[in-house]
Amino acid sequence: MQPRNMSMSGVVDLAAVKAAGEAKAKAEQARAESARQGGPAAVSPSSLVIDVDEAGFESDVLQRSAEVPVVIDFWAEWCEPCKQLGPLLERLAREYNGRFLLAKVDVDANQMLMQQFGIQGIPAVFAVVAGQALPLFQGAAPEAQIRETLDQLIQVGEERFGLTGIAVDQGAAGADAAAQAPEAPAGPYDSLLEAAAQALDANDFAGAVQAYKNVLSDDPANSEAKLGLAQAELLGRVQKMDPQQVRKEAAENPGDADAQIAAADLDLVGGHVEDAFGRLVETVRRNFGDDRDRVRVRLLELFEVIGPDDPRVGAARTALARVLF
């Protein structure tokens, strides 16, 4: 099945899901009761990924969502994209170290849950936060997009419901990490990164993009290549633009997703970082469906250009989460 992004603003109508205010109150009550009993016990990293069925959904997902955001991966054995997405989500669940819980639901064995969530195709990923269900995405999305979505989800859980995650037994975490540690990626990549930098200096943006992608194909977490790729792609797009025409179309069409995306690229290249971010957040607010998601993805790409530690990125992420949820 073809992957397609899903709006993060919808809410699934489950019988067990309460209104937001009630959900927050229940979450607070659950945490208070846990505190009276000495606090929740630390869990092992292997407990961050659980298999869930219809019988256990209430206790394993809805009740746990009062402590921690629960991400639900709807999958099936015959689904090829599921085989790509599932291991990635499991790895991220361990990496995020208790900031979310991953629940895996086999749709062939749990048809009722599939119907309740209104799922049309798999893989499909939802989240439940303090009893509220939110669609995240459908299909095998890129890792960078999944990380941004998880970060936004966790931020909303903390800000709206005070969900700070669950404690992980660090002793068990160390043992699990030692057992599961992958081999170091092949390298070094110095020559490829140098070639990419030289291509950027020569305004050969297509060449730089390819060089950075060559690094990332072997080492997807290479921060230098991720930053360089985002910059090269941005400069390649802007190189083909007529700035005057782009600005004119953006001014005349404030709700047009493509016009605002192009203008935001120009803003960023011109050093107007906050203007670029603000423009795209506002455009996300104005739009729905595929247009909204296209703008959101471009904003995440521009975050990569600036870097995650820049305070302007943090502020824009907060603003984006507010208009999405």
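A search of the whole structure turns up 1 disulfide, a term used here for a pair of cysteine sulfur atoms within 2.5 Å. In general, a disulfide is a covalent bond between the sulfur atoms of two cysteines. Here the partners are Cys79 and Cys82, with 2.4 Å from S to S. The torsion about their S-S bond is about 85 degrees, so the disulfide is right-handed. Cys79 and Cys82 are both buried, where buried means under 20% relative accessible area, exposed means over 50%, and partly exposed covers what lies in between (1.4 Å probe, protein chains only).

Before going on, a word on how to read these values. This is a predicted model, in which local features need pLDDT of at least 70 and side-chain atom pairs count only at pLDDT 80 or more, while totals for chains, interfaces and linings use all residues. Residues are numbered from 1 along each chain as its sequence is written, and side-chain values use heavy atoms, with hydrogens and water left out.

Now look at Glu80, which lies in helix 3 (residues 80-95). Helices (H or I, at least four residues) and strands (E, at least two) are DSSP runs, numbered from the N terminus. Glu80 counts as partly exposed, at 48% relative accessibility. The chain also brings Ala140 into view: 60 residues separate Glu80 and Ala140 along the chain, and their C-alpha atoms are 9.6 Å apart.

The structure as a whole has 22 salt bridges, each being a side-chain nitrogen of Lys or Arg within 4 Å of a carboxyl oxygen of Asp or Glu. One of them pairs Arg91 with Glu95, whose closest N and O atoms are 3.9 Å apart. These two residues are 4 residues apart in helix 3, which means about one helical turn between them. Arg91 is partly exposed at 35% relative accessibility, and Glu95 is partly exposed too, at 44%. Glu95 also meets Arg147 in a salt bridge, at 2.7 Å from N to O. Because Arg147 lies in helix 5 (residues 143-161) and Glu95 in helix 3, the pair ties together parts that are 52 residues apart in sequence.

Another salt bridge joins Arg296 and Asp293, with 2.7 Å between the closest N and O atoms. Both residues sit in helix 13 (residues 289-306), 3 residues apart, so about one helical turn separates them. Arg296 and Asp293 are both buried.

Leu320 is buried, with a relative accessible area of 0%. From Leu320 to Glu282 is 38 residues in sequence, and 8.7 Å in space from C-alpha to C-alpha.

Finally, the surface holds a patch of negative charge, where Asp190, Glu194, Asp201 and Glu224 gather. Such a patch is made of residues with over 30% relative accessible area and no salt bridge, with like charges joined within 9 Å (nonpolar side chains, namely Val, Leu, Ile, Met, Phe, Trp and Tyr, are joined within 5 Å). Helix 7 (residues 190-201) gives the most to the negative patch, with 3 residues. Glu224 belongs to helix 9 (residues 223-239), and Glu224 is partly exposed, with a relative accessible area of 49%.

Notes: Accessible areas come from the Shrake-Rupley method with a 1.4 Å probe; for residues, only the protein chains shown count as cover. Lys and Arg count as positive and Asp and Glu as negative; His and the chain ends are not counted. The place of a charge is taken as NZ of Lys, CZ of Arg, CG of Asp or CD of Glu.
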